[in-house]
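Subject: Handover of a structure for your study

Dear colleague,

I am pleased to hand over the structure below for your study. Please keep it open while you read the notes that come after it.

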Amino acid sequence: MRESILIFAFFITTISSVSGQGLGSPGTLQDDGRFAASTKQMNQFFRRFNGEESIDGTSRFYPGDSLYQNENLRKGFVSILFDNQTSSISSSLKSEFLSTLLSPNYPQYLVFQKPGWLAEVDAVFLYKGKRENVTFIMKIQPEGLGYEWVIDQVIFAPFKNLFNKPTGASKDFLHPLSHELGFMNMRRAFQDSESPESFTPTTYNPDYLAIFLYEMKQNNLKFETVLGLKFHFFQIGGWYFEVNQFNRPGYNTGWLISNLMRLGPGDKETLMRYIYDQD
Amino acid sequence: MKNYIVFFLVIFLATTSVAFSQDNISPKRKQAIDSLALEKVKDLSKYISIIGNKETQFSEANRVMDRAEELFATGAEMGVSSINTNEIAYYKVRRYFERLMALNYDKVNITWYDIQYVSDLERQPDGRYVGVITVYQRFEGTSIETGMNYKDTTKKDITIYVEKKQTQIAGRTIEFWDVMLGDVRVTETSA
């Protein structure tokens, strides 16, 4: 930890003294190092995490450059990529994580185009005249000549409440000899029951995204605004971390790791279920 | 606009070590594209300062708004949020400039920080490349009558679209990379 503080101090001293490259107009304000220190874009988060840019962020390193993915550079960068003010990630966990990343035999990096990272977008929609929060889980996919972000799941409370499938004795059912009656008792499922989902298989999961798209096409949902964004990363083997944006005074700002977990067997699946279902 | 093309053609022809047919952007070419994109962002920042300046004549401000609008791809929007609310308010680029011009201060001073960050370029499905340039702006507005002095610092994340285009020069087809600005995310910072 002490080492990372020293690296951080070095980092800040260095970027504070970087001469301005400014927007060129007279009267350009000099950054005191805070904006330089801030992880301003997710792109910068990736580059810093991988050790692929200079300390001041003005030079991008490419394969073949002497400092490209340099271990010491990465060590310094990763130590400042944690939210050190509000998140309670222990120093020992951070060190363990750093050791995994910098393993001499199998160093690990983040790759923008590869699966294993998700965006969680909080938005506001008008639904039947009422403002409602909607959460989208987004992922990057190859498409055409490049890549695109696509909606992988939508989490929308009004839909969730629609499908409260009863269990046990209170659950309606079509008795096992219904076929002998030509399913005439279907009337029970589609006319009398308030929970038609009772008549679906145990494995049935509603496709909320399909319903959401249908409601949009019916003009029942109208986009209002975006409220927030965070990212979930599973690209580093055996680890999960969350990245949030911190807009506050000081040097520890921008896109930073706010949550770090070591993953045991089955943990990834549990976390994915949590992210996708918000259970 | 012509100046940009000439400027970039010079850089482009100086870096023709990469074959024309190759669509991948080499680091050297990326640097050239970054320079062109930053020139456009500098122009935008200059235009914003002029439009916001209370001493700028109405007709002049309108002329500058026209120039500023030309930097942007069709339909580009500004998404603005403040410290108090994370909600993004959307404005068409022209509307954003008009609001800036109409701000009710006697004196407005817009300055820019000496820092910018240029992202990598990623290819989108239609083959164009997209990137983001981040800059920081300081705004100061003073009202003489009320003595009110408002200050804020905003982070501007500016989308850039990079596209390979063709032009005819002396009967020869020359390919060049053009840069257009796109949506801009404006976030008030705590600085």
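The notes below describe what was found, beginning with the conventions.

This is a predicted model, in which local features need pLDDT of at least 70 and side-chain atom pairs count only at pLDDT 80 or more, while totals for chains, interfaces and linings use all residues. Residues are numbered from 1 along each chain as its sequence is written, and chains are lettered from A and ligands numbered from 1 in the order in which they are written.

**Chain A**

Chain A contains 9 helices and 6 strands; here helices (H or I, at least four residues) and strands (E, at least two) are DSSP runs, numbered from the N terminus. Of its 279 residues, 21% count as buried. A residue is called buried if 20 or more other C-beta atoms lie within 10 Å of its own, exposed if 12 or fewer, and partly exposed in between, with C-beta atoms placed from the backbone.

Helix α3 of chain A (residues 42-50) is mostly covered, as 9 of its 9 residues are buried. Among them are A:M42, A:F45, A:F46 and A:F49, together with A:R47 and A:R48. What covers these buried residues? The cover includes α4 (71-79), β4 (221-233), β5 (239-246) and β6 (254-262) of chain A, and also β3 (107-118) and β5 (129-142) of chain B. Just after α3(A), A:G51 has a positive phi of about 70 degrees.

Two loop residues of chain A may be set side by side. A:Y251 lies in the loop between β5 and β6 of chain A and is partly exposed, because 19 other C-beta atoms are within 10 Å. A:Y251 and A:A36 are 215 residues apart in sequence, and their C-alpha atoms are 8.6 Å apart in space. A:N161 is in the loop between α6 (157-160) and α7 (186-192) of chain A. A:N161 counts as exposed because it has 8 C-beta neighbours inside 10 Å.

**Where the chains meet**

33 residues of chain B are in contact with 33 residues of chain A; two residues are in contact if their C-beta atoms, placed from the backbone, lie within 7 Å. On the side of chain B that touches chain A, α2, β3, β4 (122-123) and β5 each supply at least two residues. The largest share of that side, 7 residues, comes from β3(B). By class, that side of chain B has 11 nonpolar, 12 polar and 10 charged residues. In this scheme Ala, Val, Leu, Ile, Met, Phe, Trp, Tyr, Cys and Pro count as nonpolar, Asp, Glu, Lys and Arg as charged, and the others, Gly among them, as polar.

**Nonpolar cores**

In soluble globular proteins, nonpolar side chains tend to be buried together. A nonpolar core is a set of buried Ala, Val, Leu, Ile, Met, Phe, Trp, Tyr and Cys residues joined through C-beta atoms within 7 Å. The largest one has 43 residues, and those with the most contacts inside it include B:I33, B:A37 and B:I51. Helix α2 of chain B (residues 27-52) gives the largest share of this core, 8 residues. Apart from it lies another core of 17 residues, among them A:M42, A:F49, A:V78 and A:L101.

**Helix packing in chain B**

The axes of α2(B) and helix α3 of chain B (residues 58-70) come within 9 Å and cross at roughly 155 degrees. Axes are lines fitted to C-alpha atoms, for helices over the stretch in contact, and angles run from 0 to 180 degrees between N-to-C directions. α2(B) and α3(B) are therefore roughly antiparallel to each other; angles under 35 degrees count as roughly parallel, over 145 as roughly antiparallel, 65 to 115 as roughly perpendicular and the rest as oblique. Their contact has 8 nonpolar, no polar and 1 charged residues.

α3(B) packs against helix α4 of chain B (residues 93-101) at about 150 degrees, with the axes 10 Å apart, and these two helices are therefore also roughly antiparallel.

α2(B) and α4(B) pack at about 40 degrees with axes 8 Å apart, and are therefore oblique to each other.

Yours sincerely
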